[in-house]
Amino acid sequence: MARLLLIEDDLTIRTPLLRALRERGHAVAAASTALDGLRDALDDRPDLVVLDLGLPDLDGGELLRMLRAVSSVPVIVATARDDDAEIVRMLDAGADDYLVKPFTAAQLDARARAVLRRSAGAPGTDPVLVVGGLRIDPRARQVTLDGTPVELTPREFDLLHHLAGRPGQVVTKRELLTEVWRIPYGGADKTVDVHLSWLRRKLGESAQDPRYLHTVRGVGVRLDAPGSAR
């Protein structure tokens, strides 16, 4: 069962699409504004987003750019805009497909299944990372420590995943802010410190007694398996 997020403000379109997609076996949530859609996409981590461009609070194209800055979730733009330049612009901005209204639920379902197949079948995408007793599965967004599940917030997961992709390397706060938070460095490095503190607590360690997360003063942080020689 795929989890879809439909961002569409027109109730006469949203309601029948929700019903039809659910009848086709999908779990579908809906949002009627861009900001609600962005929040739901980041909090609920759907498998695919269906995005209208004519939203009441923010243009859907701007929402797509915001979403692409923090997420790789597949996106199908579903809109009445049929201008070739607009289609190219949205695909260049990161949309995985573009569907022009009016369309049937069957057409959207077929496009969704095709995009999900491509996403799932991408070779070498999102490999499971293992560092010591830590196992990080980016596709399922699950972490286990010595076989026990570790409950992380989305941001804590992204932080750990980024560090686990560079085991044994010192990663600077500048890089973490840029790559994990997608914000420029400067004045926000306390954000990194706070999230590292929360992450350490969930991994059963502290800055004074680290097992995996080692602070390199004045430089950054390094993720190492316990017992790794340094």
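Residues are numbered from 1 along each chain as its sequence is written, and side-chain values use heavy atoms, with hydrogens and water left out. Because the model is predicted, local features need pLDDT of at least 70 and side-chain atom pairs count only at pLDDT 80 or more, while totals for chains, interfaces and linings use all residues.

Helices (H or I, at least four residues) and strands (E, at least two) are DSSP runs numbered from the N terminus. Strand E1 (residues 3-7) pairs with strand E2 (residues 27-31) in the parallel sense over five bridges; two strands pair if DSSP finds at least two bridges between them. Leu4 has Val28 in E2 as its bridge partner. Together with helix H1 (residues 11-23), E1 and E2 make a right-handed β-α-β unit (right-handed if, with the strands pointing away from the viewer, the path from the first strand over the helix to the second runs clockwise).

The structure holds one cavity of 30 Å³ or more. On a 1 Å grid over the protein atoms alone, a cavity is a set of points where a 1.4 Å probe fits but cannot get out, whereas a pocket is an open set with protein on both sides within 12 Å along at least five of seven lines; lining residues have an atom within 4 Å of a point. Grid points are joined across faces, edges and corners, and a volume is the space filled by probe spheres set on the points. The largest cavity contains about 40 Å³ of space. Its lining includes Leu6, Ile13, Val50, Asp52, Lys101 and Phe103. E1, H1 and strand E3 (48-51) are the elements that give two or more residues to this lining. By class, the lining of the largest cavity has eight nonpolar, no polar and three charged residues (Ala, Val, Leu, Ile, Met, Phe, Trp, Tyr, Cys and Pro count as nonpolar, Asp, Glu, Lys and Arg as charged, and the others, Gly among them, as polar).

Four strands form an open sheet in the order E6-E7-E8-E9, with antiparallel pairing. Strand E6 (129-131) and strand E9 (148-150) stand at the edges with a single partner strand each, so one side of each is left without a neighbour in the sheet. The twist from one strand to the next averages 25 degrees. Three bridges link E6 to strand E7 (residues 134-137), and Val130 stands opposite Arg135 in E7.

A further open sheet has three strands in the order E10-E12-E11, with antiparallel pairing. Its edges are strand E10 (170-172) and E11; each has a single partner strand, so one side of each lacks a neighbour in the sheet. Neighbouring strands are turned by 35 degrees against each other on average, direction ignored. E10 and E12 are joined by three bridges, and Val171 stands opposite Val221 in E12. Helix H6 (residues 154-164) packs on this sheet, touching E10, E11 and E12, and its direction makes about 75 degrees with that of E12. H6 also lies across E6, E7 and strand E8 (142-145), running at about 110 degrees to E7. Contact means heavy atoms within 4.5 Å; axes are lines fitted to C-alpha atoms, for helices over the stretch in contact, and angles run from 0 to 180 degrees between N-to-C directions.

The second largest pocket has a volume of about 320 Å³. Of its 16 lining residues, Lys173, Asp193, Thr215, Arg217 and Gly220 are the closest to its centre. Helix H8 (189-202) is one of the elements that supply at least two residues of the lining, and H8 gives the most, with three.
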